[in-house]
Amino acid sequence: MACPAATTARIGAPSLWRSERSPGGVLAGSASPRPSRAARDTRARASELQQAPPRPPASGPVPTHKVTVHDRQSGVVHEFVVPEDQYILHTAEAQDIRLPFACRHGCCTSCAVRIKSGQIRQPEALGISAELKDKGYALLCVGFPSGDVEVETQDEDEVYWLQFGRYFARGPVMNSLLFQERDDYALELAMGDEIVVLSSVSAVGSL
């Protein structure tokens with residue numbers, strides 16, 4: 001057992017231990033060499049990468065816009081609010097507002113309107129041409145309001161004629177003899193079928 005005095009002396013005595021360099025250049029007696037600055041930076045970057053990415057800021061409420069529809073068929077003016085990310089027709093129906101429609105997929109012209117003021121975004125409107133869109137026509141079933149907008153419903157036949165009428169108008173002018181012969185032949189077939197049907201009815205009636 002060590003003597004208490006000797007123990008006290010060892011504790012209180014100044015340290016006479018000296019560090020010596022080993023042949024490899026590391027101080028003898030040290031626990032481990034101090035990491036370099038590059039190593040510390042690498043560890044810091046690794047720690048940052050392991051952290052979860054920050055959550056994106058919560059998006060605010062979707063803007064809403066006032067939509068005014070002049071229904072030419074009924075003579076009624078409808079005013080309602082539509083969120084910017086909702087179809088105008090669907091939102092109107094959710095508010096018990098009846099507007100003309102047919103396909104609901106932007107492929108016909110039943111819900112076509114002419115824009116009087118404002119803008120409508122309609123990337124899915126296949127039922128009207130780019131030319132009609134430039135002239136201010138839109139489809140409510142696939143239309144999103146870009147702001148307050150005022151529109152007027154259109155007659156489906158009018159819109160159809162505006163889009164395809166010029167092609168029909170060329171028919172008589174550019175009609176060739178071949179097309180004329182085909183039309184005459186189709187008329188003869190129709191008349192022949194009608195004669196056969198009438199003959200059959202007469203034969204049945206005479207029995």
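This predicted model holds five salt bridges. Side chains of opposite charge can pair when their charged atoms come close.

| Salt bridge | Closest N and O atoms |
|---|---|
| Arg-72 with Glu-158 | 3.8 Å |
| Glu-93 with Arg-104 | 2.8 Å |
| Glu-152 with Arg-114 | 3.0 Å |

Let us take them in turn. Arg-72 forms a salt bridge with Glu-158. Arg-72 is found in the loop between strand S1 (64–71) and S2, while Glu-158 belongs to helix H5 (residues 156–174), so the pair ties together parts that lie 86 residues apart in sequence. How accessible are the two partners? Arg-72 has 41% relative accessibility and counts as partly exposed. Glu-158, at 39%, counts as partly exposed.

Next comes the salt bridge of Glu-93 with Arg-104. This pair links distant parts of the chain: Glu-93 is in helix H3 (residues 88–94) and Arg-104 in the loop between H3 and S3, 11 residues apart. With a relative accessibility of 26%, Glu-93 counts as partly exposed, and Arg-104, at 30%, counts as partly exposed. Arg-104 has another contact to look for: its charged end sits over the ring of Phe-101, 4.2 Å from the ring centre.

Is Glu-152 buried or exposed? At 19% relative accessibility, Glu-152 counts as buried, because the cut-off for that word is under 20%.

Now for the strands themselves. Strands of a sheet pair through backbone hydrogen bonds, either parallel or antiparallel. Strand S3 (residues 112–117) and strand S7 (residues 149–153) run antiparallel and are joined by four bridges. Along this pairing, Val-113 stands opposite Thr-153 in S7. In what order do the strands of the open sheet follow one another? Five strands make up this sheet, in the order S2-S1-S7-S3-S5, and their pairing is mixed. At the edges stand strand S2 (76–83) and strand S5 (137–139); each has a single partner strand, so one side of each is left without a neighbour in the sheet. From one strand to the next, the twist averages 35°.

Finally, turn to the rings. The structure holds two aromatic pairs. In one of them, the ring centres of Tyr-87 and Phe-144 are 4.8 Å apart and the planes stand at 35°, so the pair is tilted. Tyr-87 lies in the loop between S2 and H3, and Phe-144 in strand S6 (residues 144–145), so the contact ties together parts 57 residues apart in sequence. Phe-144 has a relative accessible area of 10% and is buried. Tyr-160 and Phe-164 also form a tilted pair, with ring centres 4.8 Å apart and planes at 50°. These two residues are four residues apart in helix H5, which means that about one helical turn separates them. Tyr-160 counts as partly exposed at 41% relative accessibility, and Phe-164 counts as partly exposed at 30%.

Technical notes: Residues numbered from 1 in each chain as written. Predicted model: local features only at pLDDT ≥ 70, side-chain atom pairs only at ≥ 80, totals over all residues. Heavy atoms only, no water. Pairing = 2+ DSSP bridges. Axes fitted to C-alpha atoms, helices over the stretch in contact; angles between N-to-C directions. Salt bridge = Lys/Arg side-chain N within 4 Å of Asp/Glu carboxyl O. Buried < 20%, exposed > 50% of the residue type's maximum accessible area, 1.4 Å probe, protein only. Phe/Tyr/Trp six-rings, centres within 6.5 Å; stacked < 30°, edge-to-face > 60°. Lys NZ or Arg CZ within 6 Å of the ring centre and 35° of its normal.
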